[in-house]
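Thank you for making time for this. I would like to walk through one structure, going from the chains to their contact and then to a few particular places.

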Amino acid sequence: MAERGGRGAHGSLDKSITLPPHEIFRNLENAKRFAIDIGGSLTKLAYYSTVQHKVARVRSFDHSGKDLEHEPLYEITVQEEITARLHFIKFENTYIETCLDFIKDHLVNTETKVIKATGGVFAYQKDSDTEFRFQTNHPNIFPYLLVNIGSGVSIVKVETEDKFEWIGGSSIGGGTFWGLGALLTKTKKFDELLQLASKGQHTNVDMLVKDVYGGAYQTLGLSGNLIASSFGKSTTADKEFSKEDMAKSLLHMISNDIGQLACLYAKLHNLDKIYFGGFFIRGHPVTMRTITYSINFFSKGEVQALFLRHEGYLGAIGAFLKGAEQDNPNQYSWGENYAGSSGLMSTSPDVFPMQRTRSGTFDMFEMDRLERPLVNLPLLKDPSTYIPDTVDLTDDAMARKYWLTCFEEALDGVAKRAAASQPDSVDAPERAEKFRHKYWNKLQTLRQQPFAYGTLTVRSLLDTREHCLNEFNFPDPYSKVKQKENGIALKCFQSVIESLDSLGWEERQFALVKGLLAGNVFDWGAKAVSDQWLERLKGPPHKCALIFADNSGIDIILGVFPFVRELLSRGTEVILACNSGPALNDVTYSESLIVTERIAAMDPVIQSALREEKLMLVQTGSSSPCLDLSRLDKGLAVLVRERATDLVIIEGMGRAIHTNYYAALNCESLKLAVIKNSWLADRLGGKIFSVIFKYEVPCK
Amino acid sequence: APPFPWFGLDIGGTLVKLVYFEPKDITAEEEEEEVENLKSIRKYLTSNVAYGSAGVRDVHLELKELTLCARKGNLHFIRFPTHDMPAFIHMGSEKHFSSLHTTLCATGGGAYKFEQDFRTMGDLQLCKLDELDCLVRGVLYIDSVGFNGHSECYYFENPTDAERCQKLPFNLENPYPLLLVNIGSGVSILAVYSKDNYKRVTGTSLGGGTFFGLCCLLTGCSTFEEALEMASHGDSTKVDKLVRDIYGGDYERFGLPGWAVASSFGNMMSKEKRESVSKEDLARATLVTITNNIGSIARMCALNENINRVVFVGNFLRINTISMRLLAYALDYWSKGQLKALFLEHEGYFGAVGALLGLLDSA
């Protein structure tokens, strides 16, 4: 769909302002707070807006005196909800008047406020399939050197969140590249200069060590390709040099110089991490690569160059922070809205011109406020090294191709289902098509630039799809399906319990695990795996089990609940955690409340457990089909600690395979899933519909 | 002592530096025995100040009545562009240099690059010497013998005060430790702790070659002298974006004075300003940018190595008072007077001197 924009790679930058302003300054009508930072060449603005969007809610009917056989289990309503969103936008100062006019016309009132936000941090890697390696948010990032490359360079030593000091700078920065580059190449725009540079050969302009030493440099232990003198070959009036070559030489010269100075400052202050930001970097893989090369060269690998995916917003976020402290920022968490953020640009600028044109001039970053704080699961063995995702698709080209194709192929179906989920809405098909188009474009961007939105994982693909669905007001396409399946499963609950109770103890344990794995596909090849679990069950009961539930319907009602029942009868308390918001056919917290209430009405074991608070229902804080154990609802974490939880059960592909397959906990855990995907089964060395049953005991 | 002629050769990326020791204590007997070839070389070098189209003898640098290996004589300093090397080798061949059975000691990258040419075209075996060894040795030697009774080393007093700033001799009697910054086409920075103990700290590719190369592209000039001449008439503040251009004055929060350059060539981002600057302004800005950057890197190295005397050498500084004063100023200002910038009269010839001294060892 790259051709949809209809723009070529060249000469299109001037036109990017023709991108409708409302697509850039989204939701300006509802902007409550506003901050602007006009720099030497770029303007950054940040605002806080309230977003009204549709959410699906479920509400239990009053069933007294009604015909339970034919009524739906509960009522689904779609309501308007208002949530907060942060917008960060950057653009070249050239557009400032146009932009400010637009803003003036649409802005109602302004004020500043306290915001706390963190971005994805990554390091650039050369000689690797992945060009970027992302870091999860590290608790110990301090101290570090912050090198902001704007027109000039500022070097700041950051010791804590609020203790930092300007320790130096350099006048050779982005403005030098731009200004000198414009003089040398008659090319006016920064992005065009970078584009020229990426096509040039600096060796035509620079004097290299081998130019000085001839072929004999090897004997000196020097690399002949080192630059001895930047522009050292242009010391002649009678030779023409190509624009591309000069731009490339200039880029190397400036990147190397900044890297060298940064290393000298890092050494003087004994720091080994340098974060780079500023418009010179601004998501430009070309400059990130040259800066990283320079840091590696000058520090001999001792210093790490790091970049922020949404770099350049530090000033804007800072401006927010400096405002009046009216909100308590600790009450909230923020999550990136993948649907509203623009991606990183490609190392090869021509690959995807439309996307480049857009984000090269206007860069957008949106964060949605999540109404509850998110924290680590207290049972994580080492929160600082925990990575939820099993496969890094930025790293693994084969897996990436496979999954992107999978998501592409599934897209039409998802769009159809979304449209079908709102049969009463006239514009549902149109919105579904917009959703399809947007997500398709994101997938195409990711094909060309896997790193565009941070680490690419199955989880991020799923989450992005959910964000795009929400964007077009499809808050819960599966709500009716889930409603129906929950109803059917509830009807079978009692007979399933009866048949389980009639089994002998050992047989029942197998049947319960089978039920958790959605019995119909269970392959008894997994028998050997569960022996260890069986042995464990013969021992003393667990104090408290935390279960992360997966799907609605059969899974939760006929799989999870019988299992919960068994745990309860052993004297184990159970915390049942369900998603806060909808994702696919996963059971949500509010659905789980209704389902549990109905089961309790049929089953005295569940009923008394609820009453005695031995069975507790909590929300995860997530609306993802996957599970990030480092971002869980605070209430869940508190309860896990209070009840001395010593068993964690994670079920389903999204939570136990795509994520957390390798997660290490400091208590016992069960990870269960059925591989419903032949390619993945192949990769894991099994067959489709084979079973993952991982019972793990932490080493003492 | 080795047989005459005594040469030391330093073949850099842009310039070849040649020092020649002219014995003045030649006895009548020696004169008689001196072969014709040798005599003609001596006469050719000492009776001219220019050689070919671009070779120059820096007469003002000549060291008189020097004693080397118990011989008295004058040391001559000659330079020519590296691209004239083939012509130089050709001349050596025509003058039958090889028949003198002397050793030619050479340093610099070109000692490697042209070794083969010397052998095949000139029938000469080069004795290659390490360029940093030669540099350090040359600096220490020339400083120790002085400059015809004057001090080789000097500094600028009151570098931050244009009115009162003046060049004064500096006594480098106890030179260690010192940071030696050699600015040729590129830049090498050495920390020297004693006669035999030094290390290369770092280097940068932004050196004299960058200044000259960028000037050629920006102004169409064709010689270093021309580039410097243009720079001396230009105003870099039209090209560079200063702190005051952004903040209206000093940026007190960071302690930055308004006159400091915030972004080199930063004004050139604007089309109007690109059209209003002169070639002279661009040459000056290039000079200031490269010089300040070297000063900045040198200062950081001095801090990291805990050395407070920084000696700048290299041919970038030849007839380049603008850069020397700027370096003196920058080091003094940004270090709050803790660092001192020193300069040497024989700027770019120390490598060649070191090569000559290497020749005398070999005997």
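Predicted model: local features only at pLDDT ≥ 70, side-chain atom pairs only at ≥ 80, totals over all residues.

Let me begin with chain A, where buried residues make up 58% of the 700 residues; buried here means under 20% relative accessible area, exposed means over 50%, and partly exposed lies in between, with a 1.4 Å probe and protein chains only. Residues are numbered from 1 along each chain as its sequence is written, chains are lettered from A and ligands numbered from 1 in the order in which they are written, and side-chain values use heavy atoms, with hydrogens and water left out.

Chain A has 21 helices and 22 strands, where helices (H or I, at least four residues) and strands (E, at least two) are DSSP runs numbered from the N terminus. If we take contact to mean heavy atoms within 4.5 Å, then among the contacts in chain A between residues at least 6 apart in sequence, 74% join residues at least 24 apart.

Chain B has 13 helices and 17 strands, and of its 363 residues 58% are buried. For its contacts with a separation of 6 or more, 66% come from residues 24 or more positions apart.

How do the two chains meet? The contact takes 48 residues from chain A and 51 residues from chain B. Together the chains bury about 3900 Å², 67% of it on carbon and sulfur atoms, buried area being the accessible area (1.4 Å probe) that two parts lose on being put together, summed over both. On the chain A side, Trp166(A), Leu183(A) and Tyr213(A) lose the most area to chain B, together 15% of what that side buries.

Glu651(A) sits in strand β20, residues 647–651, and with 2% relative accessibility it counts as buried. Leaving aside residues up to four places away in sequence, Glu651(A) touches several others, including Leu516(A), Asp550(A) and Leu672(A).

Thr385(A), by contrast, is exposed, with a relative accessible area of 52%, and its place is in the loop between β15 (374–375) and α10. Its C-alpha is 9.6 Å from that of Ala663(A), which is 278 residues apart from it in sequence.

Turning to the cysteines, how many disulfides are there over all chains? A search of the whole structure finds 0, a disulfide being a pair of cysteine sulfur atoms within 2.5 Å. For Cys544(A), the closest cysteine sulfur is in Cys667(A), 9.8 Å away, and that is too far for a bond. Cys544(A) is buried, at 0% relative accessibility, and Cys301(B) is likewise buried at 0%.
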